[in-house]
Amino acid sequence: MEWWFAYLLIGALVGFLAGLLGIGGGMVIVPLLVFVFSAKGFPEEILMHHSLGTAMATILFTSLSSVRAHHQHGGVDWAIARAIAPGILLGGIFAPAIASQVPTRPLAMFFTAFMFYAATQMFLRMQPKATRELPGPGGLFVAGGVIGMLSSLLAAGGAFLSIPFMTWCKVPLRRAIGTAAAIGFPIAAAGTIGYVLSGMRAEHLPAWSLGFVYLPALGLIVVPSMLAAPLGARMAHAIPVAKLRVVFALLLYAIGLRMLWTLW
């Protein structure tokens, strides 16, 4: 039961931070799951893969409420979403097959590098300057493939890549954020399918696993996450979020280093 409590706390924390700061949950869920799964005695060779797969599956559920809210405010460019989705699906499905062949430690180093990138981007409030127009269908397919592959490898909703890409291509920031929320669902769907299928061939899977997705953690994270997100959104209008972004960026640095220490 103590593990159930840990999953509920992770879900509440991730949902609150998502509502407060508008961030995806993967960067927080993955290292926290690494700590819990390591304490539970999961085999080291599948520890990172299970954390990534389970985190990606949680995004599948939480992205639904996000895209619904953005759609109600007219913030989604569905033409971009439809054009980029095929590449996202292809890249997202194949990425877990690649990840399953990479040992846990190198995979953790790759994940931590992008964690530090996301933290630095948040700390410095880096925004790319709009310099070009959106590419045609072929270019959007390739961009979707890259976004889907990296997002699946990192168990992220893709906003950390898709929003800078769209704003670089002169899509207004608010519309880019809403569209990123819309393409978060196919990213999560493709990534979840990929981690389930690639995990089916793995050995020494814990009980109640569906491939690389650990079902008890999934169920207990999703519910409090969806309940806590509105609370975080309300708090965002009452406290200085700019300062919180700095604190959260420093927290990401600390969590990333602690995860590497745990795996080493």
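Guide: What follows is a set of labels, each held against its definition.

Guide: This is a predicted model; local features need pLDDT of at least 70, side-chain atom pairs count only at pLDDT 80 or more, and totals for chains, interfaces and linings use all residues. Residues are numbered from 1 along each chain as its sequence is written, and side-chain values use heavy atoms, with hydrogens and water left out.

Visitor: Why is L220 called buried?

Guide: Buried means under 20% relative accessible area, exposed over 50%, and partly exposed in between (1.4 Å probe, protein chains only). L220 has 19% relative accessibility, so L220 counts as buried.

Visitor: Where does L220 lie, and what does L220 contact?

Guide: L220 lies in helix α9, residues 215–236. Helices (H or I, at least four residues) and strands (E, at least two) are DSSP runs, numbered from the N terminus. Contact means heavy atoms within 4.5 Å. Leaving aside neighbours within four places in sequence, L220 is in contact with W4, Y7 and L8. W4 is 216 residues away along the chain, yet the two C-alpha atoms are separated by 6.8 Å.

Visitor: What makes a nonpolar core?

Guide: A nonpolar core is a set of buried Ala, Val, Leu, Ile, Met, Phe, Trp, Tyr and Cys residues joined through side-chain atoms within 4.5 Å. The largest one here has 70 residues. Y7, F37, M48 and F111 have the most contacts inside it. F37 touches Y7, F42, L47, H50, S51, T54, Y214 and A217, not counting residues up to four places away in sequence. A second, separate core has 5 residues, including V196, V213, L218 and V222.

Visitor: How do you know that R105 and E44 form a salt bridge?

Guide: A salt bridge needs a side-chain nitrogen of Lys or Arg within 4 Å of a carboxyl oxygen of Asp or Glu. R105 and E44 meet at 3.5 Å, N to O. R105 is in helix α5 (residues 104–124) and E44 in helix α3 (residues 44–72), 61 residues apart. R105 has 32% relative accessibility, so R105 counts as partly exposed. E44, at 41%, is partly exposed too.

Visitor: How many salt bridges does the whole structure hold?

Guide: A search finds 2. The side chains of D77 and R175 also meet in one, at 3.8 Å, N to O. D77 lies in the loop between α3 and α4, and R175 in helix α8 (residues 173–199), so the pair ties together parts that are 98 residues apart in sequence. D77 is buried because its relative accessibility is 19%. R175, at 31%, is partly exposed.

Visitor: What makes α4 kinked?

Guide: The bend at a residue is the angle between axes fitted to the seven residues ending there and the seven starting there. At A85 in α4 there is a kink of about 40°, shortly before the proline P86. Buried residues of α4 include I80, I84, I88 and A99.

Visitor: Is S162 buried or exposed?

Guide: S162 is at 1% relative accessibility, so S162 counts as buried. S162 is found in helix α7, residues 159–168. S162 touches I147, A180 and I183, not counting residues up to four places away in sequence.

Visitor: Why is K170 called partly exposed?

Guide: K170 has a relative accessible area of 45%, so K170 is partly exposed. K170 lies in the loop between α7 and α8.
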